[in-house]
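This briefing walks through a few packing features of the structure shown below. Please keep the sequence and the model side by side while reading.

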Amino acid sequence: MTGARDVRLSHAQQRFLWDEEMAPGQDDNHVVLVYLLTGPVDAPALTAAFDDVVRRHDVLRTVYLWDVAPEPVQRIMADEAAGIALERVTVADPALPPAEIAARVCADWWDSPFDLERRPPVRARLAELSADSWLLCLNLHHIAFDGQSELLLAADLAAAYEARARGQAPAWADVPGYGEYARWEADRIPVWAENDRPFWRHVLADPAPPLLAVPEADQGVRGEYEIALSKRATDRVRDAVRAGRSIVLSALLHETSAAVGDVFDMAAVNLATISSGRFEKAHASILGCFVNPLVLPLHDIRSTDPGERLAQVNRLVLQALRRARLPFDLIARDLGIQAADSGLFDVMVALQAPEPGGSFGADVTYRPLRVPAPRAGFGLVVELEQSLEGHWAVAGRWREDLIDEPTGRKVVESLTERLLALPGREGAR
């Protein structure tokens, strides 16, 4: 690539660009990834591999410009102009636990908003703990990255490192740029709108009342609680979901609604979730933000027939996922919904992609270390996390100005109990 070029924004990028303009530096829009590398890391080879990945994916070399008529654009920068480097940092006390060191290495990122108009939203640091232990720390903005992108990035970085450690450039095929997806989406939105709007008008015609108070600030101090399931318990829940002829996301939404209903004494709740947004095989290898939020109002959540209600929720979720192509901001605009004070996003529920992990060649392994954000924008986020070892964890994150710690913990505990009590193949709880 010899020069910069301008490409239209996807709707996801428009949403995040607007968020960043209105409230810069929200922690929910930051992605902080840390990997513990174990083995004789070749730091120059890793630096070269990082550069290879930045060259491979143009979304990592993109800035976002407001003052370009008739609408904002993303400008893909030439490799040499992007100015993205893997920064070597010194660790003051390498004897501390790696997770604690990682939090310190990344701490300033949370208070350093990306200047999306001037620099690509990517930062990277490499910290040596010992000869055979290193931390690779990455900070990206959601405007350029989502959960599936982490798996792609980790795989590409591993392949590039393996090649560079042998003194070679990675031999990989070119991948489409994210701008191609943005153009593809724009071409299809009129058809999606015609086909999918009636469904969403029906689903959102009767939303549940707001669960939480309207916050006074964009963010609040984040509280969190997590319960790890054993491999055996995870397998039991997975088998129960399968026996109920449901998908995992449906079961998670169903049981979350019941847990929230119990804790908050509610008969109905709006649950927001996301679709992956990768509807075509051609998009499978592209880094970028593809996710689209969905909102499903669930009623009669304290039903005495949980089996039938799970079947109903599963039907609704499958229908919604088939109609998840139309950007939710267009649906909200069509229905006159003000998301900030509607209560539609009081509770976000997410089935997280599996954690990446594995090897960089024969001698170096890597595994993720999670660095929690200090603040949160969403009132309550419930997640089912999938670990490298194959077991799940039930996690809750909440704003302490909206939900106190005992209440947040009760939601996680109630949800865990309900997942573990799903009826198995014999039909008994």
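In this predicted model, the buried residues of α12 pack against β8 (220-228), α7 (231-243), α8 (248-264), β15 (380-386) and β16 (392-399). The points below take up that helix, then a pair of helices in contact, and then a tryptophan in a loop.

**Helix α12**
- The buried residues of α12 are T407, G408, V411, V412, S414, L415, T416 and L419.
- Helix α12 covers residues 405-420, and because its 16 residues at 1.5 Å a residue should span 22 Å, the 23 Å between its end C-alpha atoms agrees with expectation.

**Helices α6 and α10**
- The axes of α6 (residues 178-203) and α10 (residues 328-335) come within 11 Å and cross at roughly 60 degrees, and the two helices are therefore oblique to each other.
- The crossing in which α6 passes α10 is right-handed, and the contact is formed by I189, R197, W200 and R201 on the α6 side together with L330, I331, D334 and L335 on the α10 side.
- By residue class, this contact of α6 with α10 comprises five nonpolar and three charged residues, with no polar ones.

**Tryptophan W109**
- W109 lies in the loop that runs between α4 (98-106) and β6 (122-130), and with a relative accessible area of 2%, under the 20% cut-off, W109 counts as buried.
- Apart from its neighbours within four places in sequence, W109 is in contact with H30, V32, R123, A124, R125, C137, L138 and N139.
- H142 is 33 residues from W109 along the chain, and the C-alpha atoms of these two residues are separated by 14 Å.

Notes. Residues numbered from 1 in each chain as written. Predicted model: local features only at pLDDT ≥ 70, side-chain atom pairs only at ≥ 80, totals over all residues. Heavy atoms only, no water. Axes fitted to C-alpha atoms, helices over the stretch in contact; angles between N-to-C directions. Helix = DSSP H or I, 4+ residues; strand = E, 2+ residues; numbered from the N terminus. Parallel < 35°, antiparallel > 145°, perpendicular 65-115°, else oblique. Left-handed = near helix turned anticlockwise from the far one by under 90°. Contact = heavy atoms within 4.5 Å. Nonpolar A, V, L, I, M, F, W, Y, C, P; charged D, E, K, R; others polar. Expected span 1.5 Å × (residues − 1). Buried < 20%, exposed > 50% of the residue type's maximum accessible area, 1.4 Å probe, protein only.
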